[in-house]
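Subject: Structure handover

Hi there,

Here is the structure I promised to pass on to you. Have a look at it first, and then read on for my notes.

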Amino acid sequence: MVPPPSIYLVFVIVLSLKLRYNDRQRGARMTKTKNRYKFTFGQKPLTLTTDKDNLFMEEVERVAREKYDSIKEALPTADDETVAILMAINSLSTQLSREIEFDKKETELDTLRKKTLTNIKGRKASKVSGN
């Protein structure tokens with residue numbers, strides 16, 4: 001199945017958002033060398049500039065094709081623009097869910113750190129007053 005031209009722009013935008021999200025989550029800076037990853041999506045040749053290696057980008061490409069085929073199979077009468085929009089919405093929904101989960105984990109970790117520091121300070125104070 002060949003994706004329509006309108007899906008290419010959506011694919012590149014979503015991929016860009018996902019790569020930025022991954023960098024933000026890892027606290028990474030764009031200090032790595034840039035990789036120009038070339039591939040064909042449908043009949044459209046694309047070149048993406050990224051700090052990810054080719055192995056990672058091949059996996060991204062594979063997942064994008066799977067998602068496109070999956071939506072097209074589930075909605076065979078959907079036009080290509082609808083499929084492109086659904087791919088983008090699904091990807092953004094997943095990204096948002098991960099960001100929310102990450103923020104929850106950061107909050108939990110911060111709470112645990114504060115509790116641990118309070119316990120350590122309490123033990124030190126007990127030792128000092130007990131001696």
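A search of the whole structure turns up 6 salt bridges, each being a side-chain nitrogen of Lys or Arg within 4 Å of a carboxyl oxygen of Asp or Glu. Before the details, please keep in mind that this is a predicted model, where local features need pLDDT of at least 70 and side-chain atom pairs count only at pLDDT 80 or more, while totals for chains, interfaces and linings use all residues. Residues are numbered from 1 along each chain as its sequence is written, and side-chain values use heavy atoms, with hydrogens and water left out.

**Salt bridges**

Arg62 pairs with Glu59 at 2.2 Å, N to O. Both lie in helix H2, 3 residues apart, about one turn of the helix. (Helices are DSSP runs of H or I with at least four residues, strands are runs of E with at least two, and both are numbered from the N terminus.) Arg62 also forms a salt bridge with Glu66, with the closest N and O atoms 2.1 Å apart. Glu66 and Arg62 are separated by about one helical turn because they are 4 residues apart in H2.

How exposed are these side chains? Arg62 is partly exposed, with a relative accessible area of 36%; Glu59 is partly exposed at 37%, and Glu66 is partly exposed at 42%. Here buried means under 20% relative accessible area, exposed over 50%, and partly exposed in between, with a 1.4 Å probe and protein chains only.

In helix H3 (residues 80-130), Lys105 and Glu101 sit 4 residues apart, about one turn of the helix. Their closest N and O atoms are 3.8 Å apart in a salt bridge. Lys105 is partly exposed at 45% relative accessibility, and so is Glu101 at 38%.

**Overall layout**

The chain has 3 helices and 2 strands, in the order α-β-β-α-α from the N terminus. Of its 131 residues, 27% count as buried. The chain exposes about 9,500 Å², with carbon and sulfur atoms supplying 57% of that area (Shrake-Rupley method, 1.4 Å probe).

**Strands and cores**

S1 and S2 run antiparallel and are joined by 7 bridges; two strands pair if DSSP finds at least two bridges between them. Phe39 has Leu46 in S2 as its bridge partner. The covered face of S1 holds Asn35, Tyr37, Phe39 and Phe41, whereas Arg36, Lys38 and Thr40 are on the uncovered one. In a regular strand the side chains alternate between the two faces of the sheet.

The largest nonpolar core has 7 residues: Tyr37, Phe39, Phe41, Leu46, Leu48, Met57 and Ala64. Such a core is a set of buried Ala, Val, Leu, Ile, Met, Phe, Trp, Tyr and Cys residues joined through side-chain atoms within 4.5 Å. Two or more of its residues come from each of strand S1 (35-41), strand S2 (44-50) and helix H2 (54-74), and S1 gives the most, with 3. Another core, of 5 residues, lies apart from it and includes Ile71, Ala78, Val83 and Met87.

**Asn35**

Asn35, in strand S1, counts as buried at 19% relative accessibility. Its side chain makes a polar contact of 2.8 Å with that of Asn54. (A polar contact is a pair of N or O atoms within 3.5 Å; within protein, one must be able to donate a hydrogen and the other to accept it, and residues adjacent in sequence count only if both atoms are side-chain atoms.)

Best wishes
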